[in-house]
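Me: I have a protein structure on screen and want to learn to read it. Can we go through it feature by feature?

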Amino acid sequence: MDPDTEDFLTPLPGQEWAYRLRDESPSERVQVLALHQEARRFRVEIRHLDGKASGKEENVPRGRLKVPWNEVAEYDTTMDGWSRLKAESIDKNESSAMWAALELVIPSEVAELFVAPVDDALVVHDQPALETLTGQPLSAFQAKHSWIGYDGKPCLSPLASLSVVEMACRKNPTPVLDLVMAEEADVREKSKRGGTTEDWETRKPVETSPRYEYEFYVRWKKPVHELLRQWCGYRSVTAHERLLAAEAEVNRLDVLLAWSVDCIRRTNESTAEAIEKEHEEDRITPYNLRPVPQRPLEPHEIPVIQVPSRRRWPR
């Protein structure tokens, strides 16, 4: 049972309910004496029926009454499960990195993160698809970490969720590394010229100094970026950075060659045109870089080649 379903039930005088002082406290059997409404809040007068507090009457918030007493066993089982997941919590930087990466590597129809009752728990909608994205069977995560069944689906602890997202990043690092590079480029500009932030009281934009932007990055953004790079793996990070460097270098050389051809054209038009033509026609792209397997051609597939011959004069 969902622990929030008790909000839709109304305790009535004379009924026995499960009472918890806190969410993690044990359930106690109480009897409802009266229900009072104060503005939009409800309070309940109860009498304890078991233990040392037996016979004691209290006026308590409505939220401390969880479920009717005949449903307490199922409720306690559910809450014990959530407690096991909550025990495997993660820190803020890990949580931020996980949420940022999940949107890029795991579609919401495959798996989703919770924000309540246990933050950062992952409910799996499509197990085969998730195993394809991570390259690992779901049982491998379940064997190492806590999990429960939620609405007929596996729900993994925050630590298990972190492992799932890390494996997905390792399998598909490019979108994650693109995000990190884009955010770092934005921060680089703000660290030079400053930026803007929203005032939490007025909701109006407020200008920030370069020092503020840099310190904010070091404290909040940099740990998340380092985690994301770590999850993608050293070889993926290196290959991605080499690819970006190669693309930038090709663009630089392209501009340099265009300038050189323009200079040559001033004195030798034909040479400039030949260089420019060869540069364009022999350009290496992903399409002509791929090896194309050749096969034997049928006679009708063989192209006709025109061979010029010397003209013969009639005798």
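Reply: We will take the sheet, then the helices, then the salt bridges and aromatic rings. Keep in mind that this is a predicted model.

Me: How do I read a sheet, and what is the strand order in the open sheet of four strands?
Reply: Strands of a sheet pair through backbone hydrogen bonds, either parallel or antiparallel. Here the order is β6-β7-β9-β8, and the pairing is antiparallel.

Me: Which strands stand at the edges?
Reply: They are β6 (111–113) and β8 (147–150). Each has a single partner strand, so one side of each has no neighbour in the sheet.

Me: How many bridges join β8 to β9?
Reply: Four bridges join β8 to β9 (residues 153–156), and the two strands run antiparallel.

Me: Which helix lies across β8 and β9?
Reply: That is α1, residues 72–87. The helix runs at about 135° to β8.

Me: Now the ends of a helix. Which residue caps the N-terminal end of α3?
Reply: D126 does, for the helix spanning residues 127–134. A side-chain oxygen of D126 lies 3.2 Å from the backbone nitrogen of A129. Then look past the other end: G135 follows α3, and its phi is positive, near 75°.

Me: On to charges. How many salt bridges does the structure hold?
Reply: There are 16 salt bridges. To read one, find the two side chains and the N to O distance. Take R29 and E16, which meet at 3.1 Å, N to O. R29 lies in strand β2 (residues 28–38) and E16 in strand β1 (residues 16–19), so the pair ties together parts that are 13 residues apart in sequence.

Me: Which parts does the salt bridge between R265 and E276 tie together?
Reply: These side chains meet at 2.8 Å, N to O. R265 belongs to helix α8 (residues 234–265) and E276 to helix α9 (residues 269–281), so the bridge ties together parts that are eleven residues apart in sequence. Follow the shared partners as well: salt bridges join D262, R265, E269 and E276 into one network.

Me: Last, the rings. How many aromatic pairs are there?
Reply: The structure holds four aromatic pairs. To read one, check the ring centres and the angle between the planes. In Y212 and F216 the centres are 6.2 Å apart and the planes are at 25°, so the pair is stacked.

Me: Where do Y212 and F216 lie?
Reply: Both are in helix α7 (residues 210–232), four residues apart, about one turn of the helix. An α-helix has 3.6 residues a turn, so residues three or four places apart point the same way. Y212 is partly exposed at 37%, and F216 is partly exposed at 35%.

Me: Which residues form one aromatic cluster?
Reply: They are W82, F114 and Y150.

Technical notes. Residues numbered from 1 in each chain as written. Predicted model: local features only at pLDDT ≥ 70, side-chain atom pairs only at ≥ 80, totals over all residues. Heavy atoms only, no water. Polar contact = N/O pair within 3.5 Å; in protein donor to acceptor, adjacent residues only side chain to side chain. Salt bridge = Lys/Arg side-chain N within 4 Å of Asp/Glu carboxyl O. Pairing = 2+ DSSP bridges. Contact = heavy atoms within 4.5 Å. Axes fitted to C-alpha atoms, helices over the stretch in contact; angles between N-to-C directions. Phe/Tyr/Trp six-rings, centres within 6.5 Å; stacked < 30°, edge-to-face > 60°. Buried < 20%, exposed > 50% of the residue type's maximum accessible area, 1.4 Å probe, protein only.
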